[in-house]
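User: I am new to this structure. Could we go through it together?
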Amino acid sequence: MKTMTCKQLGGACDLEFHADTFEEMAEQSKKHGMEMFQAGDAGHLKAMNEMQELMRSPDAMTKWFDNRRKDFEAIPNNE
Ligand SMILES: [Zn+2]
């Protein structure tokens, strides 16, 4: 089990996600992001806008995703 914060995954707060795989982690982060988006949280709206900017360039998005995956892999595994 690894732990990453919302901020580490491109979000805006210190909420922690726990997952065994990066895909699971990304999924939790996405779900949380959507909830915050629907709640109209300013910090997350800003983070989401930045993410949408990034998505305009598939290369930049892939690179960003690869880097987050490396971050995930670098985290020690806490059982
Ligand atoms: Zn958050």
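User: Which helices supply at least two residues each to the lining of the largest pocket?
Analyst: Helix 1 (22-38), helix 2 (42-55) and helix 3 (58-74) each do; helices are DSSP runs of H or I with at least four residues, strands runs of E with at least two, numbered from the N terminus. This is a predicted model, in which local features need pLDDT of at least 70, side-chain atom pairs count only at pLDDT 80 or more, and totals for chains, interfaces and linings use all residues. Residues are numbered from 1 along each chain as its sequence is written, and side-chain values use heavy atoms, with hydrogens and water left out.

User: Which helix gives the most?
Analyst: Helix 1 does, with 10 residues.

User: Which residues lie nearest the centre of that pocket?
Analyst: L9, S29, K30, M48 and M51 do, out of 23 lining residues. A pocket is an open set of points on a 1 Å grid over the protein atoms alone, where a 1.4 Å probe fits, with protein on both sides within 12 Å along at least five of seven lines; lining residues have an atom within 4 Å of a point.

User: Which parts do C13 and H32 tie together?
Analyst: C13 lies in the loop between strand 1 (2-5) and strand 2 (16-19) and H32 in helix 1, so the pair links parts 19 residues apart in sequence.

User: Is H32 buried or exposed?
Analyst: H32 counts as buried because its relative accessibility is 8%; buried means under 20% relative accessible area, exposed over 50%, and partly exposed in between (1.4 Å probe, protein chains only).
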